[in-house]
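Here is a short briefing to read alongside the model. Take a look at the sequence and the fold, then work through the points below.

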Amino acid sequence: MAHELPVQLVLSHDLSVSIPAALQYDADDPYAVHAVFHPLTQSGTVEWFLSRDMLAQALSEHTGHGDVRMWPTSDSGRDVVRMVLSSPAGSALLEFPAQGVESFLRETRSAVPPGTESSRFDLDAELAQLLAES
């Protein structure tokens with residue numbers, strides 16, 4: 001399932017740019033959310049994998065460390081989830097509409113209810129595949 005969202009790339013305190021983005025969820029990878037960004041200044045996409053639980057937590061409190069940090073806030077009267085993504089190439093501050101994130105998470109919970117993720121994930125098979133590749 002995919003959920004298109006109007007995401008703001010914050011360039012400074014007074015300037016942000018809207019970029020097309022989507023949150024995607026696959027029940028076969030029940031712990032992850034795939035964030036896909038379509039920057040206007042380059043061809044192709046920028047993709048990040050996020051924790052579904054961490055994204056849900058970001059609706060109410062600060063979460064994350066290192067390369068991914070998220071927290072809720074209000075900006076110009078609208079509730080948003082701010083996300084900082086860091087890589088060797090640089091960092092980006094993004095704002096997701098909180099209502100859009102909530103709606104997306106509701107859909108993921110319908111597909112795979114919280115607490116049932118392990119029934120969708122065969123850890124033994126994944127470990128066997130990992131060991132076979134090394």
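Valine 112 sits in the loop between H2 and H3; helices here are DSSP runs of H or I with at least four residues, strands are runs of E with at least two, and both are numbered from the N terminus. With a relative accessibility of 1%, valine 112 counts as buried, where buried means under 20% relative accessible area, exposed means over 50%, and partly exposed falls in between (1.4 Å probe, protein chains only). This is a predicted model, in which local features need pLDDT of at least 70 and side-chain atom pairs count only at pLDDT 80 or more, while totals for chains, interfaces and linings use all residues. Residues are numbered from 1 along each chain as its sequence is written, and side-chain values use heavy atoms, with hydrogens and water left out.

**Overall fold**

- The protein has 3 helices and 8 strands.
- Their order along the sequence is β-β-β-β-α-β-β-β-β-α-α.
- The C-alpha trace spans about 50 × 30 × 25 Å along its principal axes.
- Of the 134 residues, 35% count as buried.

- Glutamine 129 belongs to helix H3 and is partly exposed, at 44% relative accessibility.
- The C-alpha atoms of glutamine 129 and aspartate 26 are separated by 20 Å, although the two are 103 residues apart along the chain.

**Salt bridges**

- The whole structure holds 3 salt bridges, each defined as a side-chain nitrogen of Lys or Arg within 4 Å of a carboxyl oxygen of Asp or Glu.
- One of them joins glutamate 117 to arginine 52, with 2.7 Å from N to O.
- That pair links distant parts of the chain, 65 residues apart: glutamate 117 is in the loop between helix H2 (98-111) and helix H3 (123-133), and arginine 52 is in helix H1 (residues 52-57).
- Both partners are buried: glutamate 117 has a relative accessible area of 6%, and arginine 52 has a relative accessibility of 3%.
- Arginine 78 pairs with glutamate 95, their closest N and O atoms being 3.2 Å apart.
- This second pair also links distant parts of the chain, with arginine 78 in strand E7 and glutamate 95 in strand E8, 17 residues apart.
- Arginine 78 is partly exposed at 33%, whereas glutamate 95 is buried at 2%.
- The side chain of arginine 82 meets glutamate 95 as well, in a salt bridge of 2.7 Å, N to O.
- Because arginine 82 lies in strand E7 and glutamate 95 in strand E8, the pair ties together parts that are 13 residues apart in sequence.
- Arginine 82 is partly exposed, with 21% relative accessibility.
- Through shared partners, Arg78, Arg82 and Glu95 are joined by salt bridges into one network.

**The largest pocket**

- Rolling a probe the size of a water molecule over the atoms shows where empty space is left.
- The largest pocket has a volume of about 380 Å³.
- Its lining counts 17 residues, and those closest to the pocket centre are Leu9, Ile19, Pro39, Val46 and Ala92.
- A pocket is an open set of points on a 1 Å grid over the protein atoms alone, where a 1.4 Å probe fits, with protein on both sides within 12 Å along at least five of seven lines; lining residues have an atom within 4 Å of a point.
- Grid points are joined across faces, edges and corners, and the volume is the space filled by probe spheres set on the points.
- Strand E1 (2-12), E2, strand E4 (46-51), strand E7 (78-87) and strand E8 (90-97) each supply at least two lining residues.
- E8 gives the most, with 4 residues.
- By class, the lining has 13 nonpolar, 4 polar and no charged residues; Ala, Val, Leu, Ile, Met, Phe, Trp, Tyr, Cys and Pro count as nonpolar, Asp, Glu, Lys and Arg as charged, and the others, Gly among them, as polar.

**A nonpolar surface patch**

- Leu11, Leu15, Val17 and Leu40 form a nonpolar patch on the surface, with about 370 Å² of accessible area together.
- Patch residues have over 30% relative accessible area and no salt bridge, and nonpolar side chains (Val, Leu, Ile, Met, Phe, Trp, Tyr) are joined within 5 Å.
- Accessible areas come from the Shrake-Rupley method with a 1.4 Å probe, and for residues only the protein chains shown count as cover.
- Leucine 15 is in strand E2 (residues 15-24) and is partly exposed, at 46% relative accessibility.

Key. Patches are made of residues with over 30% relative accessible area and no salt bridge: like charges are joined within 9 Å, nonpolar side chains (Val, Leu, Ile, Met, Phe, Trp, Tyr) within 5 Å.
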